[in-house]
Amino acid sequence: MKLLINIRSLLFCLLLIMLLPNNSSGQQLKLDTQTLQLANQYYRNQDFDKAAAMYKEIYEISGSQHYFNLYLNCLVEMDHFEEATDAIKKQLRKRGQDPQLYVQWGYLLKQQNLPEQANEKFQKALDAVPAAKRDYSQLASSFLSRREYELAEQVYLQGRHKLTNEPFHYELARVYLYQRNYELMFQEYLQLLKEDEKSLGRVQSSMLTAFRMDVDDSLRDEFRTSLLRQIQKHPEVIAYNRLLIWLFVQEKRFSQALRQATALDKRTGTGEAQIVNLATIAAGNEGLTEALKAYDYLIAKGEQSEFFQLAHQGKMQVLYQQFLAQVPEFRQPEHLQQQFDQTFQVVGFTPETTPLITDYAHFLAFYKHQPVLAIEVLTEHMNRGGISRLQRDQLKNELGDIQVLKNDLWEAILIYSQIIDANKNNQLGDEVKFKKARLGYFMGNLSWAQAQLDVLKASTSKLIANDALELSIFISSNTALDTTTAAMQLFAKADLYAFRNQDSLAWAMLDSIETNFSYNSLLDDVYFRKAKMGIRQANYEQAVSYLEKITADFSHDLLGDDALFILAQLYEQQLNQPEKAADLYKQMLSQHPGSIYVEEAREKYRHLRAEEKPDQETLFLEGQEVN
């Protein structure tokens, strides 16, 4: 019995020893981390002698092929080819016919201008690779890391032959992208999609990467042609049609995308989600007409449609967008009111329709001049059951804006402050912080407003950060050298009137600055505000005159590129002078190469200068939509 107790005690002690932390191993791990950081630093500084010694030590401890490759790189950089060869041979004796070691040996021979011997080693790597997908992928990655793209292709083709259930379509497509062999890349991606329709998202993501490398849009055209051929050959592959719809959306060809999406839905009965997504994207990219058609299609399917309610809500939001985009004298508030009423009869006043209710309240206050009714709508919905705290704060956000409209500015500040306190770590909080700072600017409290804006420049929301930065720079650049802020106070007042849609009062404030402060730094901003109001009122000739003043006299100021880009857009879209627009877009590229508008200007310039081509895919699809 005593012996049994002693054995149990001994086992218990051994267990405790095993569970105790191993301080020496912890120190070794810390040492390895420090060694690795130091080795990487030596490597970046091209101190290859010290880096090689440390990578060799790390490799011997870890056994990681990555560090062995870095060790070899160091030896190659120092022209220590014999030492590198000995290291590879030593590893081959230890690890047998490791194909990745033959890749490194071949690379080593290639660096010594021995291509035939290098190819011999590369072939040994191909011969030695085990018949497993993982091994083929690792070998191909080794070749890719050495920019041996043709050999990586051989690896995958050999794997396709040896492993009958592993076609490596996706991997080969990536290799062909590196080789710029786009035709074969298309073939692999489309074959992958034919065999596995669940790969659609993966193919779309890969094609976006390829399109970013396309400098003249030719790759997109070639891909569309290949895709259309496959649709013609294999009409049964639904994923091809979905990919074509996606491609049309990327090109903002919403009409073609919608035609295909509705035809696909009629054929399969599973296209409603894609149509909703298409409508949302189109509405956010000036495709309001196509968005309305998409929502109308879903509404026409009746209440059995999964998206019946959502389509009604989306349609109303697009109708409101159209209303806002119209020239003031052509807006019909009473007609829009009727459309709001009809929509709410279908969708009701529910937590899900909170965004639409917010739009409705804004419409009542700012366009029907019924702020009291708008406040009633918001308050009633805020007190409705089922509303989340965030939704309630979103409604309060609109309530604060209406108080600004009513000129009850201190009440607006109180409401904004309450929202900020309740939303310290989300985008709504930052949005309202900006509104509160802007309200300080409207009220002429410029230094306080700028201090708040400077904090917001670090916002996680890029849009809010950019708005805060723009207003902060505007305040500082127009107050730093002035002994008086009188002109700035008038300008802030003009912006307040513009926020309230009181353009005539805003214009009067701007006129006052132009008359009484003709040499003030705000003069280009005055012209810019007047140009924007001219555009809103469809007085395009007047807007052009002000924008041309900026491009002529203030081209190197902050608004120079904004004015030039908007001027080009006016000539392209409103004045129907594409040649003039193309010249202005070209001017943007040469005069403002660092502008945020450069990429869009380049795209528009290429589009305007391109020769008109027959829309071959549209001609094809008119006869062969998915039936």
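Lys436 touches Ile413, Tyr416, Ser417, Ile420 and Trp448, not counting residues up to four places away in sequence; contact here means heavy atoms within 4.5 Å. You will find Lys436 in helix α24, residues 427-442. Helices are DSSP runs of H or I with at least four residues, strands are runs of E with at least two, and both are numbered from the N terminus. Between Lys436 and Gln452 there are 8.6 Å in space, C-alpha to C-alpha, and 16 residues in sequence.

A word on the model before we go on. It is a predicted one, in which local features need pLDDT of at least 70 and side-chain atom pairs count only at pLDDT 80 or more, while totals for chains, interfaces and linings use all residues. Residues are numbered from 1 along each chain as its sequence is written, and side-chain values use heavy atoms, with hydrogens and water left out.

Now turn to Ala152, which sits in helix α9 (residues 149-162). Ala152 counts as buried because its relative accessibility is 0%; buried means under 20% relative accessible area, exposed means over 50%, and partly exposed lies in between, using a 1.4 Å probe and protein chains only. Setting aside neighbours within four places in sequence, Ala152 is in contact with Ala140, Phe143, Leu144 and Val175.

Lys56, Lys89, Lys90, Arg93 and Lys94 form a positive surface patch. Patches are made of residues with over 30% relative accessible area and no salt bridge, with like charges joined within 9 Å and nonpolar side chains (Val, Leu, Ile, Met, Phe, Trp, Tyr) within 5 Å. The areas come from the Shrake-Rupley method with a 1.4 Å probe, and for residues only the protein chains shown count as cover. A salt bridge is a side-chain nitrogen of Lys or Arg within 4 Å of a carboxyl oxygen of Asp or Glu. Lys and Arg count as positive and Asp and Glu as negative, while His and the chain ends are not counted; each charge is placed at NZ of Lys, CZ of Arg, CG of Asp or CD of Glu.

Helix α5 (residues 81-95) gives the largest share of the positive patch, four residues. Lys56 lies in helix α3, and Lys56 is partly exposed because its relative accessible area is 36%. A patch of negative charge gathers Asp49, Glu82, Glu83 and Asp86 on the surface. Here, too, α5 supplies the largest share, three residues. Asp49 is found in helix α3 and counts as exposed because its relative accessibility is 52%.

There is a nonpolar patch to visit as well. Leu469, Ile473 and Leu558 make a nonpolar surface patch of about 250 Å². Leu558 lies in the loop between α30 (540-553) and α31, and its relative accessibility of 58% is why Leu558 counts as exposed.

We finish with the backbone. Most residues other than glycine have a negative phi. Gln46 has a positive phi of about 60° although it is not a glycine. Gln46 is placed in the loop between α2 (23-44) and α3 (48-62), and Gln46 counts as exposed because its relative accessibility is 59%. Asn576, also not a glycine, has a positive phi of about 55°. Look for Asn576 in the loop between α31 (560-574) and α32 (578-591); Asn576 is exposed, with a relative accessible area of 64%.
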